[in-house]
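Please look over the sequence and the structure below before reading on.

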Amino acid sequence: MSKEIVITALNCVAPDSLTVNSETYSKNDESQFYKTNFDTRAILGKKGTRSMDKLTGLTVHCIENLLPQVQSQLEAEPERIGLVVGTAQGSMDSIMRFTHETLAHDSPDYVNPALFPNTVMNCAAGQSAIWHGFQGPNATISCGEISSFAALNYAVSLLTKGYVDTLVAGGSEELSEVNIAAKTSLAKKHNRFAKFTEGSAFFVIEANDIATKYQRPVIATVNSVKTGYNPVINDATALTELIEQALEEANMPITEIDMISYSGAWPQTVEVEQLTLNKLLDDSADTITKIAQYELSGNAVSSQNAFQLSTVIERLAPNQRGLLFAQDLKGNTGVMIVTKHGVTGDKL
Amino acid sequence: MSEEKIVITGMGSLSSIGNNLTELKEALLSGKLGSKPATVFNTEGFDSVVNCEVKTFNPEQYIKYTPIESLGRTSQFSIAATKMALEDAGLTSTALKGQRIPVSIGTTDGESQHLDALAKVWVTKGLSELDGELVEQSTASNLANSISKEFGLTGESITVSTACSAGNYAIGHAFDLLKTGAANIAICGGADAVCRKTYSGFHRLGTIAKDKCQPFDLHRNGIMTGEGAGILILETLSSALKRKAHIYAEVLGYGLNCDAHHMVSPNMESVARCIRLAHDNANISPEDVDYICAHGTGTIANDTTESGAIRMVYGETPPPVSSIKSMLGHTMGAASAIASIACVLAIENQFLPPTINHEVDDPACNIDCVPNKSRPAKVNIVQNNGFAFGGNNAITIYGAYQQREKVS
């Protein structure tokens, strides 16, 4: 990458089953759906939250906890800070509920118009900008279970080209009534008892000189981030090539990687991810730590890669390097390489 | 080292005013009206719904490798417009297969008709009866993914869900990917299908026009919902020249910002700032711009804010500003992509698309909206506005390739 892009802050809102450096809430252990007990109005207050759905609430809140890191910049140049939200479908609950209401009553006009803006997929990003005053580029990226890698990749693209100084980028996923029903039907279709997780993870990401300007200590360098598509989803060639390109961009042989994280979300995709690992690593690489995020925290869909990144950053020792990758059921692929810096502090 | 120029070498479009590029051009020149009574979404409970639907669409005509029944209407539009754009660019499927060509598609509602259908299942049978196949097909990423899959492409495949400015976002991202050398060719644009959810929402807000959309008119009464897809093939100049491809125009740059003010109401100062960002990125001045293709939805809030923002940047004599939404309705995430194609056609054919249905100038707007009839004009540089819920503004700038070459 032509500029050194770094991560200077992160925050994660997730159920307490998630072993990342997170602000935690207790999980609902009645089912395979690991929900936070996040209550939008209790956490964000009653003003401006009457119509807010959970996806937007989680996003606004997760980002709120990053504000102290960027406050002076936000006051000086709000137009130079932006936001990139990875979300596979926005709030599917808000979208389908709105249509449901048009069908369930005597007139389709018996719907609450205040809920209509929740039905656009960029609601979480737009509301977060309103709440926190980010006037820079504001993007919403949908790429299935690779949505967070895609959001981070999009963020790096904007930063590299100088459209903005600093971006808050990551992903959000809600487990509301409709989402649970939809994911249940998906698990049924794929003949699997699946664990799904909700939550949100966001990162402050910027060029190194901006981090220096605002005196933000660097947590990790982003050596590469790429997404791609695998048209033959059970073949490992496309994913392997994508990772090789990332290693080349990072100028790192795989032997210099200390930790590998993959999504591990579905039996079919785990198979491709494992095949890819076998292609990339020879027997001597057994010492590399490997983490399947699904085994830690289930499938967080839109947030899955953001949770991978949180986990890897937490577990890497200073100067160690992490390789993260994933493929989803649709063939979306993503990879990221990061180097941890020597940051110490409460959260790391 | 100066960066490569990025040019447009192919375009494909579907909308209520034409199922291919030639039909779109003729429609823009003649001022065709695309609205008809609704037939392709569930309108139960509404009286006489009029909207702007794609007519006589036959997916089998375009889709060769993907089972049609595995694709929602919006993905079908996406593939169809891509196929036309690739053919227009002289790129064959065989030449593309296995290449790392990026796909970047904007949308507001994704596979909206599938989501409508799932809501109907919920009402009639209950949430536990949702079909996993329909759920999988309804995910928004399918718009870009279905293109990558149909043409066997391995480059990044993202759907940009920034609502009604998403087409411009998606084009901007493809522009950046080519600028940074990540690829030589990119597929980008936007797609959306009409749906019950969006029609109901705008209807409840009282912003649906009864029979016609009249942007910048004193007697306007709202938007017409519409659907379609607009796909552009972006290419580095060196790649285009090497292939001896026809070069329609150059992408000069774009600007993005966020109002951070209100989910639904646009903000004039912020829109003006976005115009300036786009001009700076494209390295042009306001006086260079010959035509502005407006977001122009036909609501009071949009029209007065947009024309006010234009005047903030351009002063008392802005260039002509027209809204093609008067013809093809508001195609949501496809809108700024189809409008981008309209801009390129305006450059290629040296005319200004009209704002049809125009009766009385709205003095609050005070712009030349190219009323009712297209107009021959010198068109060298154009600005294409896209605004959205969430205050997501995205503006693209296009320029004539040959004329600019002569000037410089």
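How many residue pairs are in polar contact between chain B and chain A? The count is 28 residue pairs, both residues at pLDDT 80 or more, where a polar contact is a pair of N or O atoms within 3.5 Å, one of which, within protein, must be able to donate a hydrogen and the other to accept it, and where residues adjacent in sequence count only if both atoms are side-chain atoms. This is a predicted model, in which local features need pLDDT of at least 70 and side-chain atom pairs count only at pLDDT 80 or more, while totals for chains, interfaces and linings use all residues. Residues are numbered from 1 along each chain as its sequence is written, chains are lettered from A and ligands numbered from 1 in the order in which they are written, and side-chain values use heavy atoms, with hydrogens and water left out.

**Extent of the interface**

- In chain B, 75 residues are in contact with 64 residues of chain A, contact meaning heavy atoms within 4.5 Å.
- About 5900 Å² is buried between chain B and chain A, with carbon and sulfur atoms giving 64% of it; buried area is the accessible area (1.4 Å probe) that two parts lose on being put together, summed over both.
- On the chain B side, Trp122(B), Lys197(B) and Met263(B) lose the most area to chain A, together 12% of what that side buries.

**Salt bridges between the chains**

- The interface of chain B and chain A holds three salt bridges, each a side-chain nitrogen of Lys or Arg within 4 Å of a carboxyl oxygen of Asp or Glu.
- One of them joins the side chains of Glu136(B) and Lys189(A) at 2.5 Å, N to O.
- The side chains of Glu3(B) and Lys161(A) also meet in a salt bridge, at 2.8 Å, N to O.
- That pair crosses from the segment before strand 1 (6-14) of chain B, where Glu3(B) lies, to the loop between helix 6 (147-160) and strand 6 (166-173) of chain A, which holds Lys161(A); helices (H or I, at least four residues) and strands (E, at least two) are DSSP runs, numbered from the N terminus.

**Strand pairing**

- Strand 5 (residues 138-142) of chain A pairs with strand 5 of chain B in the antiparallel sense over two bridges, and two strands pair if DSSP finds at least two bridges between them.
- Val160(B), in strand 5 of chain B, is the bridge partner of Ile141(A).
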